[in-house]
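The sequence and the structure are shown first.

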Amino acid sequence: MSLSAPSRASAASPTAPRPWREIIAPYAKPSGRHATTQLLNTGLPFLVVMAALFCGLDHGIWATLLLALPAAALVVRLFIIQHDCGHHSFFKSRRANDLLGGVIGVLTLTPYNFWRRSHALHHATSGNLDRRGIGDVNTLTVREYLSRPAWQRLTYRLYRHPLVMFGVGPAYQFFIRHRIPTGNPLRYTQNWLSILGTNAVLAAIIGTLDLTVGLRPLLLGYMPVMLIAASIGVWLFYIQHQFENTYWATETDWNFDTAALEGCSYYDLPRVLHWISGHIGLHHLHHLSSKIPNYRLRDCFEQNPEFRRAKRLSLLGSFGCARLAVWDEHERKLIPFRHLRRRRGESRS
């Protein structure tokens with residue numbers, strides 16, 4: 001795909017490709033009307049479903065079994081709104097974005113300012129082998145993996161196992177990791193304030209529930225919803241970058257545009273799942289410009305054929321990506337652990 005600025009010779013040609021910034025510019029503009037509509041068609045159903053779930057718990061656990069999945073889907077959609085607020089792309093007002101993002105961050109158990117900063121680093125370094133480790137899925141190269149001692153290889157294998165990656169991991173991330181500030185509090189003051197502030201609000205909510213209706217709605221209602229939503233969210237984040245022919249490069253060869261267009265997938269989902277996920281499956285567009293609000297991604301994609309030549313993943317085909325584990329620098333693709341036997345043999349010969 002060529003979306004770079006045309007040369008002077010080609011600029012006069014009517015078929016010369018337009019630079020992607022020119023294509024994207026009309027879509028990278030928040031709309032108060034669209035934002036308010038989306039907030040209402042997500043927030044109100046979420047409140048209704050959660051109220052029905054909490055009331056249903058008085059009559060048995062069936063309410064959780066019936067309503068946990070749709071409630072979790074709405075939590076995912078709320079997180080997408082929070083995500084846009086973090087990029088200051090949901091509303092025109094920076095203050096409105098931060099206020100809404102902070103409120104939703106309590107509902108999603110995500111300290112907003114802490115997450116916003118780490119996610120910005122993810123966008124700035126995605127696909128860069130020399131700047132891994134913040135806001136991304138930990139990925140080793142074949143050479144790095146084979147050079148590790150046995151216990152570190154075992155730890156990495158456990159980390160990449162689907163039951164950990166999409167089960168234990170999301171629960172740890174949202175219920176535990178997001179509660180613990182790390183680093184020097186004087187150097188990372190904003191992160192500490194974000195995490196501890198969110199914890200304080202959550203503690204107040206839990207205390208109020210305990211004194212009024214008890215902790216049953218929290219333990220049997222909201223916690224199962226959040227566990228499901230966390231697993232869905234981690235899967236979406238994983239599949240946006242962890243596919244076979246993704247993009248990784250060292251600092252000297254890394255390019256922002258290439259990382260977006262080749263290192264991010266077009267996750268081609270059924271329409272209802274695109275709605276739930278705020279079209280975040282059009283991830284190559286989102287990484288080209290995080291200023292495009294989620295409610296404009298579909299229009300940008302459908303109205304510009306240049307963006308439809310992305311690396312497409314279907315819902316069914318994406319499940320095979322769960323087995324991918326290490327980056328093969330020679331073949332320039334992600335490979336599963338079972339392919340390492342051949343590489344280990346090559347390294348010994």
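Which residue in β5 does Asp-328 stand opposite? The residue opposite Asp-328 is Lys-333 in β5.

This is a predicted model, in which local features need pLDDT of at least 70 and side-chain atom pairs count only at pLDDT 80 or more, whereas totals for chains, interfaces and linings use all residues. Residues are numbered from 1 along each chain as its sequence is written, and side-chain values use heavy atoms, with hydrogens and water left out.

**Sheet**

- Strands β1, β4 and β5 form an open sheet of 3 strands in the order β1-β4-β5, with mixed pairing; strands are DSSP runs of E of at least two residues, and helices are runs of H or I of at least four, both numbered from the N terminus.
- Because β1 (140-141) and β5 (333-336) stand at the edges with a single partner strand each, one side of each has no neighbour in the sheet.
- Strand β4 (residues 324-328) runs antiparallel to β5, and 4 bridges join the two; pairing requires at least two DSSP bridges between two strands.

**Cavities**

- The whole structure contains 2 cavities of 30 Å³ or more; a cavity is a set of points on a 1 Å grid over the protein atoms alone where a 1.4 Å probe fits but cannot get out, and lining residues have an atom within 4 Å of a point.
- Grid points are joined across faces, edges and corners, and a volume is the space filled by probe spheres set on the points.
- The largest cavity has a volume of about 140 Å³ and a lining of 16 residues, with His-122, Ser-126, Gly-127, His-241 and Trp-248 nearest its centre.
- At least two lining residues of the largest cavity come from each of α6 (112-125), α11 (216-239) and α12 (256-263).
- The second largest cavity holds about 30 Å³ of space, and its lining consists of His-123, Ser-126, Trp-254, Phe-256, Ala-259, Ala-260 and His-287.
- Helix α12 gives the most to the lining of the second largest cavity, with 3 residues.

**His-119**

- His-119 is located in helix α6 and is buried, with a relative accessible area of 9%; buried means under 20% (1.4 Å probe, protein chains only).
- Apart from neighbours within four places in sequence, His-119 is in contact with His-83, His-87 and His-286, where contact means heavy atoms within 4.5 Å.
- The side chains of His-119 and His-87 are joined by a polar contact of 3.3 Å, that is, a pair of N or O atoms within 3.5 Å, one able to donate a hydrogen and the other to accept it.

Terms used: On a 1 Å grid over the protein atoms alone, a cavity is a set of points where a 1.4 Å probe fits but cannot get out, and a pocket is an open set with protein on both sides within 12 Å along at least five of seven lines; lining residues have an atom within 4 Å of a point. Buried means under 20% relative accessible area, exposed over 50%, partly exposed in between (1.4 Å probe, protein chains only).
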